[in-house]
Structures are given as structure tokens and as C-alpha cells.
Amino acid sequence: MSKRDFYEVLGVAKDASDRDIKKAFRRMAMKYHPDRNPDDKEAEEAFKEVNEAYEILSDQQKKPRTISTAMRVLILTAWVAVASAAVPVVSAMYSVTYSVIFSVAQVAVDAVAVMYNAVQICVTPWT
């Protein structure tokens, strides 16, 4: 069985509601059901694929979480902030007072917090 995109298997958009996913599953399951297609191996494989897709998409824990392009940019920006804050920390360890080191480290910690919040927003399902 090929591992296609589960949304594509059911013929729904990636932002489809649970109701739309269930509706598409029922439609596809009836279309490929073995009782309606006796002795058809392709229909049997399609039926198994449809069942697998619905099993994954109907379970919020298993459902793939998609990250929008804007959120990817935000995450990348946070990583750049962390990296740019880390460079002065390393060079400052030998030549600057502890107050500068701690202030730069705080910037890095703040950038990580922003990144963490962005990831949480991305992966939290909208209900």
C-alpha cells in the first residue's frame, strides 16, 4: 500500500473539518467496500487505504499538524535570534563583565521563549 497524503486519499482539503473528513470517509468507504466490489483487489487496497487515512485523521493525537508558511518564518526568525545571541556570549566570556554576558544570555532565553510559543501555536489544534 502506498503512503499517500491522507487528505488526498479522502479527497478533502488540509483544513477540512472533522465533519467533512467523516463525510468523505463514508463516501469513499462505500465506493470501495469489498461487498460492493467482490473479487476486486484494487478496490480492496483502496478500502484499506481509506480506512487507514480516516483512522489517522479522525484521531487528534495522530492527526498530522501542519505549520503555515508564516509560522515557519516566525520559527526561523526565533532560531536566528538565538544563534545571533549565542555568538556574542561566547566571545564575551573572555573579555566583558558578567553583566553583559547575562544580558546577552537573557536575549537568547527570550528568543527561545518566543520560538517555543510559536511552535505551541502551530501545533495546537484549533477547536
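1. Glu 44 is partly exposed, at 29% relative accessibility; buried means under 20% relative accessible area, exposed over 50%, and partly exposed in between, with a 1.4 Å probe and protein chains only. The side chain of Glu 44 forms a salt bridge with that of Lys 41, at 3.8 Å from N to O. Here a salt bridge is a side-chain nitrogen of Lys or Arg within 4 Å of a carboxyl oxygen of Asp or Glu. Lys 41 counts as exposed, at 62%.

2. A note on the basis of these values. The model is predicted, local features need pLDDT of at least 70, side-chain atom pairs count only at pLDDT 80 or more, and totals for chains, interfaces and linings use all residues. Residues are numbered from 1 along each chain as its sequence is written, and side-chain values use heavy atoms, with hydrogens and water left out.

3. Glu 44 and Lys 41 both belong to helix H3 (residues 41–58) and are three residues apart, about one turn of the helix. Helices (H or I, at least four residues) are DSSP runs, numbered from the N terminus. An α-helix has 3.6 residues a turn, so residues three or four places apart point the same way.

4. Glu 45 is partly exposed at 36%, and Lys 48 is partly exposed at 39%. Through salt bridges that share partners, Lys 41, Glu 44, Glu 45 and Lys 48 form one network.

5. The search of the whole structure gives four salt bridges. One of them joins the side chains of Lys 14 and Asp 5, at 2.9 Å from N to O. Both partners are partly exposed: Lys 14 has a relative accessible area of 47%, and Asp 5 has 30%.

6. The geometry of H3 agrees with expectation: at 1.5 Å a residue, its 18 residues should span 26 Å, and its end C-alpha atoms are 26 Å apart. The expected span is 1.5 Å times one less than the number of residues. At the N-terminal end, Asp 40 caps H3, with a side-chain oxygen 3.2 Å from the backbone nitrogen of Glu 42.

7. The buried residues of H3 are Ala 43, Ala 46, Phe 47, Glu 49, Val 50, Ala 53, Tyr 54, Ile 56 and Leu 57. The list includes Glu 49, a point to check in the model. What covers these buried residues includes helix H1 (6–10) and helix H2 (18–32).

Notes. Helices (H or I, at least four residues) and strands (E, at least two) are DSSP runs, numbered from the N terminus. Contact means heavy atoms within 4.5 Å. A polar contact is a pair of N or O atoms within 3.5 Å; within protein, one must be able to donate a hydrogen and the other to accept it, and residues adjacent in sequence count only if both atoms are side-chain atoms.
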